[in-house]
Amino acid sequence: MANVVVVGSQWGDEGKGKIVDWLSEQADVVVRFQGGHNAGHTLVIDGVSYKLSLLPSGCVRPGKLGVIGNGVVLDPHALVSEIARLGAQGVTITPENLRIAENVPLILSLHRELDALREASTTSTKIGTTKRGIGPAYEDKVGRRAIRLMDLANNETLRDKIGRLLVHHNALRAGLGEPLISADAIYEELTSVADQVLPYMDIVWKLLDDARRDGKRILFEGAQGALLDIDHGTYPFVTSSNTVAGQASSGSGVGPNALNYVLGITKAYTTRVGEGPFPTEQMNEVGQFLGERGHEFGTVTGRQRRCGWFDAVLVRQTVRTSGITGLALTKLDVLDGLKEIKICVGYMLDGKEIDYLPASQGAQARVEPIYETLPGWEETTAGARSWAELPAQAVKYVRHVEELIGAPVALLSTSPERDDTILVQNPFQD
C-alpha cells in the first residue's frame with residue numbers, strides 16, 4: 001500500500017490544493033508536516049470553494065482523518081478561526097477528524113509582531129514574509145524556548161516556560177525600542193484558547209505508525225514549494241522550514257521507509273510571491289498575460305504573483321533534492337493562445353554555462369537564463385481529460401518538459417475543476 005508525499009516543485013502556488021483534494025479521496029489520513037497558516041490551498045468541491053491555510057485538505061471530506069504534525073508551527077487562534085469558518089460552510093471539524101501533534105510549537109502574538117517589525121525595518125533584508133509569525137516561531141523552536149501544544153495542559157509549568165520565552169523576546173523588543181510584554185498577557189492569550197485546541201492533541205507519530213500497520217493510505221501534504229526550503233531554496237528569500245519531501249518524515253514522526261511516492265506539483269510556467277531571485281521573470285506583456293490568465297493572486301495574502309517562463313533547471317534540481325517520482329503538471333491551459341513559448345534550459349553565470357542554480361545569493365542574482373523556444377498552440381487545452389483532446393503542440397510541450405527535468409508527468413491538470421485531470425499514473429497504486 002503506497003503512501004504519497006505531495007510537494008511543490010517551484011516557489012509554491014503550483015496548484016497543490018486541487019491535486020491534494022483529488023488524492024485525498026483515495027487516502028485515509030492526510031498529514032500536514034511543515035509550515036503554518038502562511039500556506040494557502042483552495043479546494044473546489046461541487047462548485048464550492050474552500051480556502052484552507054492550516055488544516056489538512058482531507059478535513060473537508062467525510063471519513064478522512066486530518067493530522068497536523070510536529071513539523072508545523074501552529075497559531076491556536078488562527079486554527080480556531082479556520083475551524084469556525086469551515087463550520088459556516090457546513091464542514092464540521094472535531095477530534096474525530098482532526099488530530100494535532102502534542103509537541104507542535106505554537107505561534108503567539110509576539111511572533112507576529114516581531115515578524116512585522118523586521119519586515120518594516122529599513123536596515124534588514126526584506127524577505128517578503130506573510131507577517132504571520134512563522135519565522136520567529138521556528139526560531140524559538142530551534143532555540144529550545146518554544147511553547148508547545150502540550151504545555152497548555154499544565155498551567156503550573158506554563159508560567160515558567162512563558163518566563164523563559166520572554167527573557168529572549170523582551171531583550172529583542174528593548175533593542176528595537178518596543179514596549180516589553182508581560183507574562184500575564186501571554187498567559188491569558190494561551191489559556192483563553194487552550195480548551196478549544198487541547199481536545200485535538202494526540203501522539204501523532206504513534207497514530208501514524210498504527211495507521212500504517214493497519215494498512216491505511218497516508219497522504220503527506222506539503223506547503224509552499226521546494227525552492228522556499230530553508231536549506232535548498234533561494235536563501236535568504238525562503239520560508240523558515242524544510243519544504244522538500246524528506247521533511248514529511250521528520251515533520252510527522254514516521255520513518256523515511258514510509259514514504260513510497262513523491263508527487264511534485266509543477267506549474268506549466270513559473271510564479272513567485274515576495275522578494276528574491278527569479279531568473280525567468282517576465283516584467284512585460286508576457287508576464288502580464290500569464291498573471292491575468294492564471295489569476296495569479298495569493299490565497300492567503302492576496303498579493304499579486306510575479307510570473308515568468310517555465311524554468312527546467314530549477315524543477316530538475318527539485319526533482320533531485322526531493323526525490324520526486326512523478327509530476328502533476330498544472331495550469332497548462334494558461335499557455336493557450338501564445339504564438340511561442342520559452343523554456344529555460346540552462347544559465348549563464350559570469351560568462352560560463354551552468355546547469356543548476358547556485359547556492360550563493362549573489363550568484364543567484366547574476367544568473368541569466370538560456371532559453372529554448374517552442375511553437376505555441378491556438379486551440380484550448382482547458383477541460384481536456386485525455387491526451388487525445390490536447391493540441392499536438394501542447395503534447396510536445398509536456399513531453400519536452402519531462403525530458404528536460406528527468407521525471408514523468410503522472411497527472412496533468414487542465415482547469416481548477418477536479419475532474420479536468422488527465423491521469424497517467426495513480427501515485428497510490430505505484
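## Rings and charges

The structure holds two aromatic pairs. Here rings of Phe, Tyr and Trp (its six-membered ring) pair if their centres lie within 6.5 Å; planes under 30 degrees apart are stacked, over 60 edge-to-face, and the rest tilted. This is a predicted model, with residues numbered from 1 along each chain as its sequence is written. Local features need pLDDT of at least 70, side-chain atom pairs count only at pLDDT 80 or more, totals for chains, interfaces and linings use all residues, and side-chain values use heavy atoms, with hydrogens and water left out.

Two arginines sit over rings. R159 lies over the face of Y187, 3.8 Å from the ring centre. The charged end of R399 sits over the ring of W387, at 4.4 Å from its centre. A charge sits over a ring if NZ of Lys or CZ of Arg is within 6 Å of the ring centre and within 35 degrees of the ring normal.

## The ten-stranded sheet

Ten strands form an open sheet with mixed pairing. Their order is β7-β6-β5-β2-β8-β1-β9-β13-β17-β18. The edge strands, β7 (201-202) and β18 (421-423), each pair on one side only. Strands (E, at least two residues) and helices (H or I, at least four) are DSSP runs, numbered from the N terminus. Two strands pair if DSSP finds at least two bridges between them.

Within this sheet, β1 (residues 4-8) and β9 (residues 261-267) run parallel, joined by five bridges. G8 has I265 in β9 as its bridge partner. In a regular strand, side chains alternate between the two faces of the sheet.

## Around strand β14

Strand β14 (residues 340-349) pairs with β12 (residues 310-311) in the parallel sense, over two bridges. D311 stands opposite C344 in β14. With β16 (residues 368-375), β14 pairs in the antiparallel sense over eight bridges. There G346 stands opposite I370.

β14 also runs antiparallel to β15 (residues 352-354), with three bridges between them. L349 has K352 in β15 as its bridge partner. The hairpin of β14 and β15 has two residues between the strands, and D350 takes a positive phi near 55° there.

## Helix α12

Helix α12 covers residues 392-405. Its 14 residues should span 20 Å at 1.5 Å a residue, and the end C-alpha atoms are 20 Å apart, which agrees. The expected span is 1.5 Å times one less than the number of residues. Just after α12, G406 takes a positive phi of about 75°.

The buried residues of α12 are A394, Y397, V398, H400, V401, E402, L404 and I405. Buried means under 20% relative accessible area, exposed over 50%, and partly exposed in between (1.4 Å probe, protein chains only). These buried residues pack against β12, α10 (312-321), β13 (326-330), β14, β16 and β17 (409-413).

H169 lies in helix α5 (residues 155-175). H169 counts as buried because its relative accessibility is 3%. Leaving out residues up to four places away in sequence, H169 touches L110, H111, L114 and D140. Contact means heavy atoms within 4.5 Å.

K141 lies in helix α4 (residues 134-142). K141 is partly exposed, since its relative accessible area is 34%. Leaving out residues up to four places away in sequence, K141 touches N70, G71, P105 and A146. A polar atom of the K141 side chain lies 3.5 Å from the backbone oxygen of N70.

Definitions and conventions
Polar contact = N/O pair within 3.5 Å; in protein donor to acceptor, adjacent residues only side chain to side chain.
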